Amino acid sequence: MAELAAGTVVSRTHELVDPARCRMWVGHNREYALLTEERCADLIESMKAQGRQEMPAIVRRVRGEADYDFEVICGARRHWSISWLRSHNYPDFRFLVDIRELSDEEAFRLADIENRAREDLTDLERARDYLRALDAYYEGRQKVMAERIKVTESWLSRYLDLARLPNELMAAFPNPQDLRIKHVTAIKPLLKPDDRRQRVFAEAAVLGSRSGEEGVPTAVPDIIRALALAADPPKKSGTPKRSGSTETLTSQSGRPLVRIDGKDRKGVRVTLLTQAGGTRAEAEDALKLLLDKHWQ
């Protein structure tokens, strides 16, 4: 009691509650629907080994709602893992919570601090949370927000740019959560001016509609390369494009098919550009042209 009175010990209200009586706060920075047994495997195994949840989730009370007592500010993975365990032969597990009185802006900053260093929170989840918070708590003032969450404006801008990528472009990515802020520097220039932007959107729609087909890129860097090629197609479609000592055969739509890397007495060196978006039939036609030209 003396330590409490002196301020050297801080008392917190911790409770063990039914996770079904807790909902996610609307401003939570993690997409709860993306949580799976695989993404929470480390936490589930830790809870099994300890026989309990070690670190409490941070919650605040919900008043006037019959179905819920609390909303989760920090601890979506803990909530999901406890719920999963209770439905998979561990019914005695309870959800350990730290009950706080917080405003929405305070809740946002607390959740951001707790999750900023977590690798399991994707850049896109964090970026969308920042964009929502910018208008919700800081009246769109980026400088004020950066000061409140203790980051530089340039650092915050990169996340906001990721969150602002248009849906027409995002259609190209089968797994948008794989996008990182490092990719923004390559993508953002493709959206200006308007004619390049429209070519990129058209290519993104094609890539999205053909996702899963053979030869269609799925890795983020490969998709970005395909979008960049669409933004600046060869001036003459269907003709070789020379670059130094190399040349590239393209399809009628401008997609690279085969790159001629050089020619010497031994023959012709070529690279098949299988991830650039062209079809196998187009590649076969390009190879036939090469044979007709170089095979005596």
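Visitor: Which domains does the assignment give, and how many Å separate the centres of domain 1 and domain 3?
Guide: Please keep in mind that this is a predicted model. The assignment gives domain 1 at residues 14-102, domain 2 at 166-231 and domain 3 at 248-294. Taken over C-alpha atoms, the centres of domain 1 and domain 3 are separated by 55 Å.

Visitor: How do H5 and H7 lie relative to each other, parallel or perpendicular?
Guide: The axes of these two helices come within 8 Å and cross at roughly 100 degrees. Angles from 65 to 115 degrees count as roughly perpendicular. H5 and H7 are therefore roughly perpendicular.

Visitor: Which class has eleven residues in the contact of H5 with H7?
Guide: On the H5 side, the residues include Leu-124, Ala-127, Tyr-130 and Leu-131, while H7 brings Trp-155, Leu-156 and Leu-160, among others. The contact has three charged residues and no polar ones, and the class with eleven is nonpolar.

Visitor: What kind of aromatic pair do Tyr-130 and Trp-155 form?
Guide: A search of the whole structure finds eight aromatic pairs. The ring centres of Tyr-130 and Trp-155 are 5.9 Å apart. Tyr-130 lies in H5 (residues 123-138) and Trp-155 in H7 (residues 153-163), so the pair ties together parts that are 25 residues apart in sequence. Their planes stand at 55 degrees, so the pair is tilted.

Visitor: What is the handedness of the crossing of H10 and H11, left-handed or right-handed?
Guide: H10 (residues 194-209) and H11 (residues 220-231) pack with their axes 8 Å apart, at an angle of about 135 degrees. That makes H10 oblique to H11. Their meeting residues include Val-200 and Leu-207 in H10, and Ile-223 and Leu-227 in H11. The crossing is right-handed.

Visitor: Where is Pro-193, and is the peptide bond from Lys-192 to Pro-193 cis or trans?
Guide: Pro-193 lies in the loop between helix H9 (181-187) and H10. Most peptide bonds are trans. From Lys-192 to Pro-193, omega is near -10 degrees, and the bond is cis.

Technical notes:
Residues are numbered from 1 along each chain as its sequence is written. This is a predicted model: local features need pLDDT of at least 70, side-chain atom pairs count only at pLDDT 80 or more; totals for chains, interfaces and linings use all residues. Side-chain values use heavy atoms; hydrogens and water are left out. Domain bounds come from an automatic or database domain assignment. Axes are lines fitted to C-alpha atoms, for helices over the stretch in contact, and angles run from 0 to 180 degrees between N-to-C directions. Helices (H or I, at least four residues) and strands (E, at least two) are DSSP runs, numbered from the N terminus. Angles under 35 degrees count as roughly parallel, over 145 as roughly antiparallel, 65 to 115 as roughly perpendicular and the rest as oblique. A crossing is left-handed if the near helix is turned anticlockwise from the far one by less than a right angle, and right-handed if clockwise. Contact means heavy atoms within 4.5 Å. Rings of Phe, Tyr and Trp (its six-membered ring) pair if their centres lie within 6.5 Å; planes under 30 degrees apart count as stacked, over 60 as edge-to-face and the rest as tilted. Ala, Val, Leu, Ile, Met, Phe, Trp, Tyr, Cys and Pro count as nonpolar, Asp, Glu, Lys and Arg as charged, and the others, Gly among them, as polar.
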